[in-house]
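Here is a walk through one protein model, taken a feature at a time. Keep the 3D view open as you read.

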Amino acid sequence: MLARSQAKGDAVSGDKILLTGGAGYIGSHTAVALAEAGYAPVVLDNFSNAKPSVLERLEMILGVPVALERGDILDRAFLADVFTRHEFGAVIHFAARKAVGESVARPMDYFETNCCGLTALLRTMEASGVRNLVFSSSATVYGEPDVFPVPETAPRWHTSPYAMTKLASEDLLLAMADADPFWAFGILRYFNPAGAHESGLIGEEPDGIPNNLMPYLAKVALGELPHLNVFGDDFPTPDGTGVRDFVHVMDLAEAHVSSLRTLLDGSGGHAVNIGTGEGSSVMQMLASYGRACGRDLPWKPGPRRAGDVAKLVADPSLAASVLKFRTRRTLDEMCESSWRWVTRNSR
Ligand code: WQD
């Protein structure tokens, strides 16, 4: 194990950045943003929730191959070997399970992958002297907030085993940073990621019937599903349907680069919301997707979905001040990019 004093220097532009779960939806888009910012992304993935073809798509976008390490985040020997063969300036940790409903049915799988996977990674980073980690967290740690827009100081609590694992992970990182200044952590609490890279070559590709609104709408627009079921039209919101802070996946990707730069320039760790600060309702998203695909999409009102809150919108001001980050893409651009992706990918 490297002594603390031998910890490798921090990454500079051009250095390797490890993306665990880097072939996934957010990870693959972040690989593009990192490469475009001059870093060298290395993707680590077991392809349990992503396709190997994503690597070819990344090469088509970037013009150069992206290094791949295929294996499981829980495999300590595999991780040690990867960190022996690469000198990473930092790690961005996406590899986790993220379906709220599934986490209720399979809590142990979620704690094993999300929490034990994180500690396996941290042990390997510590042994290799890699001190910078950007962690993929979620607005779900706010449970059902009663303040809007939601600031980072809002109470955190869990509404599902998935949320429990994100809370436990955040608290572990905060405790480690308090205990040892060796560590620098960037915790990013995503609100509702949506959309796809402008090329239409990478995007969200959930298995089966999508749980989330935009990929479900995409299948309605393709004619693969008959209509959208609107989960509740009696919420205390302007049109009665749920309101969320949808953030373009490429804005989210660029937020990871901002977080990484903030860690590397010594400005220290942070825990920030990544959202637009603007709420959009289900019906507004439905209308926007209709504009993107060129036709009004069929929908039916239905009962509320268990666990859904009426409204969840970020206060993005801390990310603006700490990371100098602001989102810049619109809801229509999210829908247009999603439509380009699904029409190009569904052939
Ligand atoms: C958005 C709105 C639904 C589908 C989830 C997770 C969260 C995070 C992001 C991981 C809500 C409505 C949806 C449909 C609908 N994931 N809706 N019909 O629930 O805000 O967040 O994904 O970190 O942890 O909870 O996103 O897209 O599922 O729902 O009416 O077929 O669309 O009721 O108001 P959500 P969502």
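How many nonpolar, polar and charged residues does the lining of the largest cavity have? By class, that lining has 3 nonpolar, 4 polar and 1 charged residues. For the classes, Ala, Val, Leu, Ile, Met, Phe, Trp, Tyr, Cys and Pro count as nonpolar, Asp, Glu, Lys and Arg as charged, and the others, Gly among them, as polar.

## Ground rules

This is a predicted model, where local features need pLDDT of at least 70 and side-chain atom pairs count only at pLDDT 80 or more, while totals for chains, interfaces and linings use all residues. Residues are numbered from 1 along each chain as its sequence is written, and side-chain values use heavy atoms, with hydrogens and water left out.

## The cavity

Rolling a probe the size of a water molecule over the atoms shows where empty space is left. On a 1 Å grid over the protein atoms alone, a cavity is a set of points where a 1.4 Å probe fits but cannot get out; a pocket is an open set with protein on both sides within 12 Å along at least five of seven lines; and lining residues have an atom within 4 Å of a point. Grid points are joined across faces, edges and corners, and a volume is the space filled by probe spheres set on the points.

There is 1 cavity of 30 Å³ or more here, and the largest cavity holds about 40 Å³ of space. To find it, look for His 93, Ala 95, Ala 96, Asn 114, Phe 135, Ser 136, Lys 166 and Ser 169, which line it. Strand β5 (132-138) and helix α6 (161-179) each supply at least two residues of that lining. Helices (H or I, at least four residues) and strands (E, at least two) are DSSP runs, numbered from the N terminus.

## The second largest pocket

Next up is the second largest pocket, with a volume of about 300 Å³. Its lining has 19 residues, and Glu 204, Glu 205, Lys 219, Trp 341 and Val 342 lie nearest the centre.

Helices α7 (213-222) and α11 (331-345) each supply at least two residues of this lining, and α7 gives the most, with 5 residues. By class, the lining divides into 9 nonpolar, 4 polar and 6 charged residues.

## Aromatic rings

A pair of aromatic rings is described by the distance of the centres and the angle of the planes. Rings of Phe, Tyr and Trp (its six-membered ring) pair if their centres lie within 6.5 Å; planes under 30 degrees apart count as stacked, over 60 as edge-to-face and the rest as tilted. The structure holds 5 aromatic pairs. One of them is Phe 83 with Phe 88, an edge-to-face pair at 5.1 Å centre to centre, with 75° between the planes. Both Phe 83 and Phe 88 are buried (buried means under 20% relative accessible area, exposed over 50%, partly exposed in between, with a 1.4 Å probe and protein chains only).

Trp 183 and Phe 185 form a stacked pair, at 5.5 Å centre to centre and 20° between the planes. These two are both buried as well, and ring pairs link Phe 182, Trp 183 and Phe 185 into a cluster. Elsewhere, Arg 304 lies over the face of Phe 235, at 4.1 Å from the ring centre. A charge sits over a ring if NZ of Lys or CZ of Arg is within 6 Å of the ring centre and within 35 degrees of the ring normal.

## Helix α8

Helix α8 (residues 249-264) has 16 residues and reaches 23 Å from its first C-alpha to its last, close to the 22 Å expected at 1.5 Å a residue. That expected span is 1.5 Å times one less than the number of residues. Since 14 of its 16 residues are buried, α8 is largely enclosed by the rest of the structure.

Asp 251 belongs to this helix and is buried, with a relative accessible area of 0%. Just after α8, Gly 266 takes a positive phi of about 85°.

Most residues other than glycine have a negative phi, and most peptide bonds are trans. Phe 47 has a positive phi, near 60°; this residue lies in the loop between β2 (40-45) and α2 (53-62) and is buried, with a relative accessible area of 10%.

Lys 324 also has a positive phi, of about 55°, although it is not a glycine. Its place is in the loop between α10 (317-322) and α11, and at 68% relative accessibility Lys 324 counts as exposed. Finally, the peptide bond from Phe 148 to Pro 149 is cis, with omega near -5°, and Pro 149 sits in the loop between β5 and α6.
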